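This briefing concerns helix packing and salt bridges in one protein model. Please consult the sequence and the structure shown below.

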Amino acid sequence: DMKTDLNLLLECLKYQMDCPLSQKEALITIYSICQQNSEASEYFREIGGLMFISDLAKSSAHCIVKEAALFTLGIIIESNVYCQQTLCTSALFEDLILFLIKKDSGVNLKRMSVYVILVLVSNNKNGQTCVRDTGCISLLLQLFRTTLSTSEKNLSDETSDPCYQLWCSVCSTLCACVNNPQNEDNQNICCSVFPYAKEWLESCTEPEIVRPICSFLGLTVANNSYVQKYFASIGGLDTLAKVLLELMHDSCLSHSSMKLAVVVTKTLDACIANNSAMGVVLAKYHTVSELLKLLSNETLSTGEKISIILTIGHLTEVCEENQCELLQNNGLPLMIQVLTESQDEELIKAATFVLQNCKQMTEQLSLKLCDKSLNVNNAEDLDVQVRKRCLQDYWKKAKEILHRINSIEKQHDEERVQGEIFVDESSVANSEALKSHEVKPVDPKKYTEGTQKVVFCPQLTSKLNNQVLAPSVTSAPPKNETVNAMDAASTRQTEQRSIPCSVTELQTDSVPQTHNVNGKTACGKSRSDGLYFLVTFFLPHLGQHSFCSEKTERIKSTSAISSSHKMADLRCLGCTAGGLSLNSKTFTKMLQRCLHRCEHHRVILEAEERYRGELRRVAAGNNNRSAAHQSM
């Protein structure tokens, strides 16, 4: 049976010391029995065979016996954890170091020595400590730096190149030294060879080189922020991103390049997993878009898809540029598709991770894109905004006029008889230019009804003291008042040919021009009821009826006082018209013909004249901008 065979083989080794070939054959038979057989390995340890082979590897003068003995030790250690613990001593590591540094040691002997180190440190914290304390890890790093250059020319046939095989064994052993369990001390030591690994990746993208290096890099930086930052500081992330770009270009033609791109992606993910902020370095290489292309490959396994999606998640966790790139390349629909179609829980968790990272960014970008779309589709709104800023200057002037009117009202609580004022031809001409803006009618009710015929455009609304600049009135006017307004407008049509249009004409083309009231445009209505617009424009804090009512009472009071003085021939016509049926048109025209205007009505006409002067300048500027806009 198995135990009898092992006993006989051990005796053969002891009694065939002068026959290296017989010893080699016995060793080969032993490892074939113990390979993946924990019970056989444990029994061989109990009968002293494990320690005898260890001594044989050190004492034999024959290289083939040394190599066979080391290989058999590795097989037995790998098969049984008790054998691993028995041989995990500083003495054995020191013996292995001697095999590696001796000049007469062949490449195969070094490979077998590295293999024993590998199985001693795999899943063994004590072995990781011994490999560091004995300085063995430093020797392995030296082999990593120097061995590969000797086999560079033979990568086309790596299976027959012992130097390349030794280098691959060194890479695997270094991976075991830093991982499972994670050993931060060994990680910090191994990062010293990162510059050499970076140089190899920059000069060669062959799978035989990229795979071992990516495995070593990925495990060395895993869950170690210090090592991750160091790797990024030497340009390691840039190098990996460039390798990924090159492989993605080749993946269109080669299936192996696509698979290798997945390996590089896993390494990238390990390098930024604990420092997601470093993902911004990869934004300039459009890594997210490349990963989305890679994810769309139908030949990927579920594990490979999980690795790619997790990498995208870490790239988009804090980097806004990568988040934007994910949205622009339809990454979110792809993640949603994974959620709805996949049955794998890990894959669903990875896709959910990406969606959660970009949820807030998606909302912000939606608002930005909406604003951008509105600005593109309504380019004329910019002109409106500029004009609104221009109207701010008029608010200051409006406040000044209001202050002056209030001061005059306080000074003239009791109406005085004004002396005769000579009106020259120039003032008459200026008065004719103001006929489109009349003083409010005496009757508040009639004035209120007249104001309902005006339709103001929303672009002229603004805020002063939290009130609307020119409220929009849309109620239909009475029929008789509409006829009066139309008749008055037609009577004064020839007088207004040289007068600029009212403020409603200063609006941009985006304002609808088809809002008519009984055949009259909003512009025409504003022109015919100019004084109402003047008051509501410059005095927005007053109610629509309070101003009219106050002035009506003052006019009636003035009329009464003037009557008591019995000076009808020297009175202001505006003050004596309290009992007449007037509107804004006829009342202003009457005041303009009056040669004895009171101070109250004279101030109103002067304010209207200043306003119309400002209005002409605004209208001229508007015409220039409209002409420039049409030419564009």
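In which helix do R45 and E42 lie, and how many residues apart are they? Both belong to helix 3, at a separation of 3 residues, about one turn of the helix. The model is predicted, with local features requiring pLDDT of at least 70, side-chain atom pairs counting only at pLDDT 80 or more, and totals for chains, interfaces and linings using all residues. Residues are numbered from 1 along each chain as its sequence is written, and side-chain values use heavy atoms, leaving out hydrogens and water.

**Helix 3**
- Helix 3 covers residues 38-46; helices (H or I, at least four residues) are DSSP runs, numbered from the N terminus.
- A40, S41, E42, Y43 and F44 of this helix are buried, where buried means under 20% relative accessible area, exposed over 50% and partly exposed in between (1.4 Å probe, protein chains only).
- Among the elements against which these buried residues pack are helix 1 (2-15) and helix 5 (63-79).
- Just after helix 3, G48 adopts a positive phi of about 85°.

**Salt bridges**
- The count is 10 salt bridges, each defined as a side-chain nitrogen of Lys or Arg within 4 Å of a carboxyl oxygen of Asp or Glu.
- R45 and E42 form one, with their closest N and O atoms 2.4 Å apart; R45 is partly exposed at 28% relative accessible area, whereas E42 is buried at 17%.
- D238 pairs with K284 in a salt bridge at 3.5 Å between the closest N and O atoms.
- That pair links distant parts of the chain, 46 residues apart.
- D238 is buried at 16% relative accessibility, while K284 is exposed at 56%.
- A network of salt bridges links D55, K58 and D95.

How values were computed: Helices (H or I, at least four residues) and strands (E, at least two) are DSSP runs, numbered from the N terminus. Contact means heavy atoms within 4.5 Å.
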